[in-house]
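Dear colleague,

I am passing on a structure to you with this message, and below it I set out what was found. Please keep it open beside you while you read.

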Amino acid sequence: MAVHTALFDLDDTLFDHRHARRAALQATRSERSELSRYSLEQLDRSYERLLRDTHLRVMNRQLAQDKGRFLRMSAFLSEFGIDATGREVRRLIELRQEVYRRNRRAVPGAAAVLRRLRASGAVIGVVTNNLRSEQEEKLGVTGLETLVDHLVCSEQAGTLKPDPMIFHIALTATGGRPATAVMVGDRWEDDVIGAARAGIRPIWFHRDSLRKPPRPPAGELRSFRPVARAANVVLGRGRRSE
Ligand SMILES: [Mg+2]
C-alpha cells in the first residue's frame with residue numbers, strides 16, 4: 001500500500017541535535033579546564049541523561065524552561081566535581097545556548113529524503129515532544145520548514161510520545177490513517193513503540209551501532225544517505241528483500 005503520511009520525529013531524526021549539543025559541550029569544556037580530563041563522549045552521555053530528565057519535567061510543566069537549564073548545568077558541573085556560583089552557571093548556559101544555536105543544522109540527507117517522499121505523493125508530518133516555538137525555529141533555521149506539511153508538538157497536543165494519542169492527532173492533521181502511515185524516529189520507546197501502539201509502521205532511525213530489540217517489528221535506518229535507499233525504506237519499497 002502506498003504511503004500517504006510520513007511522520008518524523010524532529011530532534012536527532014531530522015534535526016541534528018547531537019551535532020549542536022556536542023559543539024556546545026566542546027565550548028563548555030574549553031571554558032572549564034576541569035572538564036578537559038574527560039572525553040567529549042563522557043561529557044555528552046552525562047549531559048544527555050540530565051537533559052532527558054529535566055526536559056521531561058519541563059514538558060510536564062513541573063519545571064520552567066529557564067529553571068530546567070539552570071538545574072541541568074549545575075548538576076552537570078557538580079557531576080564532574082565543579083563547584084560553580086550561580087553567576088558562573090548562568091554564564092555557561094549563555095555560552096552553551098549561543099554555540100548550540102550557531103551549530104543548528106539538519107541531519108545530513110534529511111532534506112533530500114523529505115523532497116523525495118513528497119515527490120512520491122506523501123504528506124510530511126513532524127511529531128515531537130517539545131515546545132512549539134523552539135521546534136518552529138529549528139525547522140526555520142535548517143530550511144526544513146518548507147518540506148514539512150504539519151508540525152505536531154506535545155505542547156499543543158497536551159500529551160507526549162509514546163502516547164498513541166499524539167500520533168492520532170498527527171494523522172488527523174495530515175488526513176491520513178495508521179495503515180498507510182509510517183513513523184521515523186530515533187527513540188525506541190517514544191517513536192518506535194509509540195507508533196506501533198498507534199498501529200503505524202515504525203522505522204528506527206539511529207546513527208550508532210545499537211542492537212535493535214526484536215519487538216515490536218520495525219524497519220531500521222542508520223543514515224538518510226544514500227537518499228534513494230532511505231526514501232525506499234520509508235516508503236516500504238522492497239521491504240521483503242531487506
Ligand atoms: Mg528524537
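Helix α5 (residues 110-119) and helix α10 (residues 227-235) pack at an angle of about 55°, and their axes lie 9 Å apart; axes here are lines fitted to C-alpha atoms, for helices over the stretch in contact, and angles run from 0 to 180 degrees between N-to-C directions. That angle makes α5 oblique to α10, since angles under 35 degrees count as roughly parallel, over 145 as roughly antiparallel, 65 to 115 as roughly perpendicular and the rest as oblique. On the α5 side, Ala-112, Val-113, Arg-116 and Leu-117 meet Val-227, Ala-230, Ala-231 and Val-234 of α10, where two residues are in contact if their C-beta atoms, placed from the backbone, lie within 7 Å.

A word on the source: this is a predicted model, in which local features need pLDDT of at least 70 and side-chain atom pairs count only at pLDDT 80 or more, while totals for chains, interfaces and linings use all residues. Residues are numbered from 1 along each chain as its sequence is written. Helices (H or I, at least four residues) and strands (E, at least two) are DSSP runs, numbered from the N terminus.

Turning to the sheet, six strands form an open sheet in the order β3-β2-β1-β4-β5-β6, with parallel pairing; two strands pair if DSSP finds at least two bridges between them. Strands β3 and β6 (219-221) stand at the edges, each with a single partner strand, so one side of each is left without a neighbour in the sheet. The twist averages 20° from one strand to the next. Helix α6 packs on this sheet, touching β2 and β3, and its direction makes about 145° with that of β3. Helix α10 also packs on the sheet, where it touches β1, β4 (181-185), β5 and β6, and its direction makes about 160° with that of β6.

Within the sheet, β2 deserves a separate look. Six of the six residues of strand β2 (residues 123-128) are buried, so β2 is largely enclosed by the rest of the structure; a residue is buried if 20 or more other C-beta atoms lie within 10 Å of its own, exposed if 12 or fewer, and partly exposed in between. Val-123, Gly-125 and Val-127 point one way from β2, whereas Ile-124, Val-126 and Thr-128 point the other way. Four bridges join β2 to strand β1 (residues 5-8) in parallel, and Ala-6 has Ile-124 as its bridge partner. Strand β3 (residues 150-153) likewise pairs with β2 in the parallel sense over four bridges, and there Val-127 stands opposite Val-152.

With best wishes
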